[in-house]
Amino acid sequence: MFTLAEVASLSDIQPTYRILKPWWDVFMDYLAVVMLMVAIFAGTMQLTKDQVVCLPVLQSTVNSKVQPDTSGKAEFATVETTTGQEEASMRTVSFGSAPTVAPDILSRATSSQYQPTESGQELKKEQKDSSGRKTNLDFQQYVFINQMCYHLALPWYSKYFPYLVLIHTIILIVSSNFWFKYPKTCSKIEHFVSILGKCFESPWTTKALSETACEDSEENKQRLTGAQSLPKYVSTSSDEGSPSASTPMITKSGFKFSADKPMIEIPSVTILDKKDGEQAKALFEKVRKFRAHVEDSDLIYKLYVGQTVIKTVKFIFILCYTANFVNTISFEHICNPKVEHLIGYTQFECTHNMAYMLKKLLISYISLICVYGFICLYTLFWLFRIPLKEYSFEKVREESSFSDIPDVKNDFAFLLHMVDQYDQLYSKRFGVFLSEVSENKLRGISLNHEWTYEKLRQHVSRNAQDKQELHLFMLSGVPDAVFDLTDLDVLKLELIPEAKITAKISQMANLQELHLYHCPAKVEQTAFSFLRDHLRCLHVKFTDVAEIPAWVYLLKTLRELYLIGNLNSENNKMIGLESLRELRHLKILHVKSNLTKIPPNITDVAPHLTKLVIHNDGTKLVVLNSLKKMTNVAELELQNCELERIPHAIFSLSNLQELDLKSNSIRTIEEIISFQHLKRLTCLKLWHNKIVSIPSSITHIKNLESLYLSNNKLETLPAAVFSLQKLRCLDVSFNSIAVIPVEIGLLQNLQHFHITGNKVDILPKQLFKCVKLRTLSLGQNCITSIPDKVSQLLQLTYLELKGNCLDRLPATLGQCQLLRKSGLIVEDHLFDALPSEVKEVLNQDTSIPFANGI
């Protein structure tokens, strides 16, 4: 037999799960416990007291009841007398001698009806003369009959009623709590309850709801005082170019706040320390992952519905068959054990001593089952009355400032509906952790705690242009203290998806350059007005064109725009470059992408563009006709565009001064003769191509000052190159050139000559007639000696000789007044072999000689 503790463990669930137990489940659990106690009580009573007591029914009594009444009153009296005599004789005869004695007594009792003259003495004499074996087994015979009749005469329901109640109750208990035990649902429920409890107790929940109350009171206050009292930002520019309704800008309460005065901030009701903030951020991540894990299935809902249906069917089954057996439980029973050969009697009348109690217990059990069943029916009605696989936070959105709390569905929604039956405050506080606005507020608080003004000041550095620069990388937002760095020139924001630029940026009067790397920043109205009037340079790096903030195209004072990302032909229609027309002061446009053609919309800004840079990732740039419209472009870079020849459209750019065709597939430059129409061209960069020869027509570029032909396949330098008298920089590094022509002495204005990584073995003396040389790169060649005439290069500041076949360095190097050891790139042993006075000169401080040289 089970103990109560063992059976009760089947319904044992964690105390924390009580929030998922609605009132009907709790009530049914108590009913199940009462039914369990009924079963145990009935079973205990049966084991200790349940029995039947049987007595034989005499055959004469049976016959007298069935014989017809023909003898009148006298005969009836005679039968009664005879019966009394038989009963008297039965007191002296045991059950063991009944088969022989009892028939004789019955025969004599019958004959006495016809011989009324015999006296009582004769009857006693005959009784004394009767014989039989005394066995003393009368008690055992009664026990035997009682046991046989217990199994034969007693209805089965009277015997097994407690066990059936116990089994039914166990099934109901298991059905009620199966969804807490089933592994597929138990893990989700356990996770949900854990998160729910932490969300309910989190200090961030209290802070968020408290701030909501403050915001409501502040809004009411503003509504009473009127919005007209707030000053507006006064822009120095016209209203033209103002953002449209679709521009992603942040406004508060529909008002434009002043940039000159600080915005009204709502004081925090509670202070959230760093530890609480980290815990809250972890909760947001847990809720997000749990929602993604649970919301795509409805297993918990189906399982709960299934177990409720099972309990309802079980209730109907129990009620149907139990009602039929209520009347079978009776106190009196007739037993026919068929043991006449042992006892002598065929029929016994038995009494069941537990019948009354069992019947009362059965009626109580049926009453409990009826109540249990009605609750099951109500549960089914509740399950199908409303859509439990959808949960709306509409009331929470109305009562709080978190209007972005999403509605949930499937198992997530069902769990929240169950929690509402316990306390609706749980789901209200839980909804705070579903709001992105709430999460952003938390991130902002944590961010401001971590990134203080002092810490940001430590990260400010000087860039190559000697400007103060701050680079923020992979933060949850932009710290408020950033806008207190009023002397900052350059601000770089990288991988900050929730970046928000507030009106406080108007304090940064020196800010002129902004970098947004994978950072679709949102700006407030006042902040946009400031950026529109002050920003000069903007770098935007993106993965998809949709990441480019729409307000970028409205910065009318912008001078430099750098776009780095995917702008292939399919997305060109989406980029909205037609809005570049608003950028009236744009001078430099840098596009690093995978274009197959120059977007026609870029030509909208062509009239005022002075520099266009297109860096492809190896995608072939085919259509270049739109370049002809860019008549004012002075610098043009087409890098890594898989160009095989110099595009003809370039020859129409009459104002072109610098052309860079780096990292293409150009093999021949015969079109260079057309450069004679480009009167202003001073710099030509054809490096990192496949050029094998330089045509003599290069002499037509009279004003060329810089020529870059490094990393090609040149084997010779034609004399035509040295006819460019204005040439100041010549770079032919990393080719296959073996000889430096003597005509190089004609380049009297040459200041930088790079021929590193070739096959040169002899330096012509005419090279040292280029007395204006400041940079001379001769490394990684086959040079065996450096002429002493190197001393003629008085302005030489950089000399690379490393990687040659030199045995020594000329001592005349000491006469190069501006050359120092830092500018002499050579093997250490060659430098150590120089005379000590030469080394002393080369090791001198550069400041004094350099000043004297000037």
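# Close-up views of a predicted model

**View 1. Helices α2 and α14 contribute to a nonpolar surface patch.** In this predicted model, α2 (23-49) and α14 (355-385) each provide at least two residues of the nonpolar patch. The members are W23, F27, V371, Y378 and F381, and together they make a surface of about 490 Å². Helix α14 gives the largest share, three residues. One of the patch residues, Y378, is located in helix α14; its relative accessible area is 34%, so Y378 is classed as partly exposed.

**View 2. Strands β1, β4 and β3 form an open antiparallel sheet.** The sheet comprises three strands, ordered β1-β4-β3, with antiparallel pairing. At its edges are β1 (52-56) and β3 (332-335), each of which pairs on one side only. From one strand to the next, the twist averages 25°. Four bridges connect β3 with strand β4 (residues 348-352) in the antiparallel sense. Within this part of the view, H333 has C350 of β4 as its bridge partner.

**View 3. Strand β17 pairs in parallel with β16 and with β18.** Four of the five residues of strand β17 (residues 635-639) are buried, so the strand is largely enclosed by the rest of the structure. Strand β16 (residues 611-616) runs parallel to β17 and is joined to it by five bridges. The pairing of β17 with strand β18 (residues 658-660) is also parallel and extends over three bridges. In the latter pairing, L636 has L659 of β18 as its bridge partner.

**View 4. H615 of strand β16 faces Q639 of strand β17.** H615 belongs to strand β16 and stands opposite Q639 in β17. With a relative accessibility of 17%, H615 counts as buried, because the cut-off for that class is under 20%. The C-alpha atoms of H615 and L595 are 8.8 Å apart, while the two residues are separated by 20 positions in sequence.

**View 5. The loop residues R645 and E671 form a salt bridge.** The closest N and O atoms of R645 and E671 are 2.3 Å apart. R645 is in the loop between β17 and β18, whereas E671 is in the loop between β18 and β19 (683-685); the pair therefore ties together parts that are 26 residues apart in sequence. R645 is partly exposed, at 43% relative accessibility, and E671 is buried, at 7%.

View 6. The side chains of E285 and R288 meet at an N to O distance of 2.6 Å. Because they are three residues apart in helix α11 (residues 274-294), they are separated by about one helical turn. E285 is partly exposed, at 34% relative accessibility, and R288 is likewise partly exposed, at 36%.

**View 7. Further salt bridges include the pair K21 and D29.** The whole structure contains 16 salt bridges. In one of them, the closest N and O atoms of D29 and K21 lie 2.7 Å apart; K21 is buried, with 7% relative accessibility. A network of salt bridges links D298, K302 and K389.

**View 8. D423 makes a contact at the start of helix α17.** A side-chain oxygen of D423 comes to within 3.1 Å of the backbone nitrogen of L425 at the start of α17. Helix α17 spans residues 424-431, and its buried residues are Y426, S427, R429, F430 and G431.

How values were computed: Residues numbered from 1 in each chain as written. Predicted model: local features only at pLDDT ≥ 70, side-chain atom pairs only at ≥ 80, totals over all residues. Heavy atoms only, no water. Buried < 20%, exposed > 50% of the residue type's maximum accessible area, 1.4 Å probe, protein only. Polar contact = N/O pair within 3.5 Å; in protein donor to acceptor, adjacent residues only side chain to side chain. Patch = residues over 30% accessible without salt bridge, like charges linked within 9 Å, V, L, I, M, F, W, Y side chains within 5 Å. Areas by Shrake-Rupley, 256 points an atom, 1.4 Å probe, with all protein chains shown as cover. Salt bridge = Lys/Arg side-chain N within 4 Å of Asp/Glu carboxyl O. Pairing = 2+ DSSP bridges. Axes fitted to C-alpha atoms, helices over the stretch in contact; angles between N-to-C directions.
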